[in-house]
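Take a first walk through this model with the sequence beside you.

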Amino acid sequence: MQNESGAYIELRGITKSFGGILANDGIDLTVSKGEIHALLGENGSGKSTLVNMLSGIYSPDAGEILLEGQKLTISSPKDAIMAGIGMVHQHFKLIDVLTARENIIVGQAGGFFIEGKKLSAQIKALAGKYGLKIEPDKKVYNMSVGEKQTVEILKVLYRGANLLILDEPTAVLTPQEIKGLFDILRKMKAAGCAIIIITHKINEVMEISDRITVLRRGKSIQTVETDKTTPHELTEMMVGRPISLEIERAQADESVKTPLLTVDRLTVISPDGAKRLDEVSFTLTGGEILGIAGIAGSGQKELCETIVGLQKAASGSVIFIGSKILGMSPREIIKKGVSMSFIPEDRLGMGLVAGMDITDNVLLKAYQNMPGFFINREIGKKMAKDIIGKFDISTQGVDQPVKNLSGGNIQKVLLGREIQLSPSLLIAGYPVRGLDIGASYGVYDVLNEQKKKGVGVLYVGEDLDVLLELCDRIMVLSQGRVIDIVDARETTKEDIGLMMFGQQVGGKGGN
């Protein structure tokens with residue numbers, strides 16, 4: 001069969017259902033060598049299902065896949081690898097105790113019998129071809145997120161991939177790491193690789209892609225050339241209606257702007273003796289959103305977890321409306337009557353229990369406010385239904401296990417549960433990470449609603465544009481220290497970027 005389309009990979013009429021739910025409905029897609037093709041769509045639009053069929057995790061119910069014009073059957077990940085298709089998943093599939101080199105060759109026939117120095121030389125040569133930086137003998141548990149992603153990319157390239165699929169590759173990267181990744185992708189494109197990238201971030205799609213295919217509710221809406229479209233057009237295609245890309249900086253009434261939280265010289269030392277927080281001091285008032293910016297690992301996680309009682313501090317103080325809470329456990333803080341909610345960075349590790357249904361996850365915190373010894377599941381079900389309705393959670397019902405929800409819907413359950421508790425202080429660690437554009441702007445609206453009610457919001461974010469638009473002040477952390485606290489209306493993204501690397505730029509800050 002002749003390759004009439006000229007595409008490297010072609011999908012025709014791909015259809016896939018799960019238990020009566022149509023995930024992909026007759027989708028067509030073509031990707032050429034030397035092209036970066038973006039898949040754009042809200043959570044549940046069918047993006048991951050589609051690429052999972054290319055990578056051999058699922059098989060289509062109908063339709064066909066062609067590789068350079070020849071029909072291709074992909075029944076397993078091994079088939080995909082043999083066809084030169086490699087996928088880097090959002091959640092890395094690396095073995096922490098092994099080195100980069102060992103992870104790259106794991107599962108390869110005879111891989112471990114290649115001499116270490118020879119293998120390291122092969123890996124470095126491959127890395128050099130695409131501008132990747134790697135230390136072959138470094139253990140995965142000592143790597144940054146960006147370094148782990150590099151190992152994942154090299155793993156599929158080492159296996160001969162000509163088509164690279166990246167699922168939400170920038171979700172956990174710093175702005176600097178994203179720039180590095182995009183440089184790598186451009187070099188791979190120049191070398192003739194075909195690349196499919198899935199992301200929620202329209203500004204990144206506009207920057208890195210050549211063409212964009214928009215999916216909505218399992219259907220392919222349109223494929224467009226990137227330089228002939230706009231973010232507003234793409235958003236309307238994704239959501240099905242016009243949506244504003246402006247973020248409101250809500251104004252709270254002066255009467256609610258009372259002191260809530262005072263953190264003074266807070267120091268946290270890790271078990272290995274490293275200072276994770278170094279005399280961090282700031283204040284937060286009701287009706288204010290205080291943003292926290294910093295390169296990953298600058299102390300954001302430790303700050304949030306120490307305030308809510310999940311980590312121990314070496315010194316300092318945390319005072320909530322006159323009450324000293326540092327050193328208390330989360331349960332002790334709740335019993336003291338402190339009205340505080342926490343949305344952790346690790347949704348399923350710390351926020352929710354994957355195997356439990358929505359109702360039981362809602363009850364995890366609400367039960368402490370219930371009278372008597374028995375948990376009233378009917379109250380829990382009502383609360384769960386309210387959260388599902390208010391936050392537009394796509395689910396089969398309140399009895400559905402959380403692990404069966406999409407990442408965006410899991411985040412909505414967590415956010416809804418914490419807001420339902422009517423807190424005075426809301427600590428949000430990367431609350432829109434992995435969410436589509438519609439859901440993200442919904443979260444910003446919720447945070448603004450809470451601000452107007454007089455809630456103090458501590459917002460940890462990675463998108464500097466959002467921090468500048470949403471927050472009143474921004475505290476920049478670098479290596480556990482506060483570099484400055486600046487007025488979001490009087491600073492720039494470039495200044496924040498410099499502060500993230502530890503440079504003072506003379507902001508108008510203060511506690």
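In helix 4, the buried residues are L119, S120, I123, L126 and A127. Buried means under 20% relative accessible area, exposed over 50%, and partly exposed in between, with a 1.4 Å probe and protein chains only. Seen down the axis of helix 4, these buried residues fall within an arc of 125°, so they line one face of the helix. The arc is that of the directions from the helix axis to the C-beta atoms. An α-helix has 3.6 residues a turn, so residues three or four places apart point the same way.

The face turned away from the buried side of helix 4 carries the exposed residues K117, A125, G128 and K129. What covers the buried residues of helix 4 includes helix 3 (100-105) and helix 5 (145-158). Just after helix 4, G131 takes a positive phi of about 75°.

This is a predicted model: local features need pLDDT of at least 70, side-chain atom pairs count only at pLDDT 80 or more, and totals for chains, interfaces and linings use all residues. Residues are numbered from 1 along each chain as its sequence is written, and side-chain values use heavy atoms, with hydrogens and water left out. Helices (H or I, at least four residues) and strands (E, at least two) are DSSP runs, numbered from the N terminus.

Now turn to strand 3 (residues 35-40). Is it enclosed or open? Of its 6 residues, 6 are buried, so strand 3 is largely enclosed by the rest of the structure. Both faces are covered: E35, H37 and L39 are buried on one side, and I36, A38 and L40 on the other. In a regular strand the side chains alternate between the two faces of the sheet.

Strand 3 has partners too. Two strands pair if DSSP finds at least two bridges between them. Strand 3 runs parallel to strand 8 (residues 194-198), joined by 5 bridges. There, I198 is the bridge partner of L39. Strand 3 also runs parallel to strand 9 (residues 211-216), with 4 bridges. L40 stands opposite V214 in strand 9.

Strand 14 (residues 315-320) pairs with strand 15 over 2 bridges. F320 faces S323 in strand 15. The loop between strand 14 and strand 15 holds I321. I321 has a positive phi of about 45° although it is not a glycine. Most residues other than glycine have a negative phi.

Finally, the cores. A nonpolar core is a set of buried Ala, Val, Leu, Ile, Met, Phe, Trp, Tyr and Cys residues joined through side-chain atoms within 4.5 Å. The largest has 95 residues, and those with the most contacts inside it include I153, L164 and M188. Helix 15 (residues 437-452) gives the most to this core, with 7 residues. A second, separate core of 31 residues includes L277, F320, I427 and I485.

How values were computed
Contact = heavy atoms within 4.5 Å.
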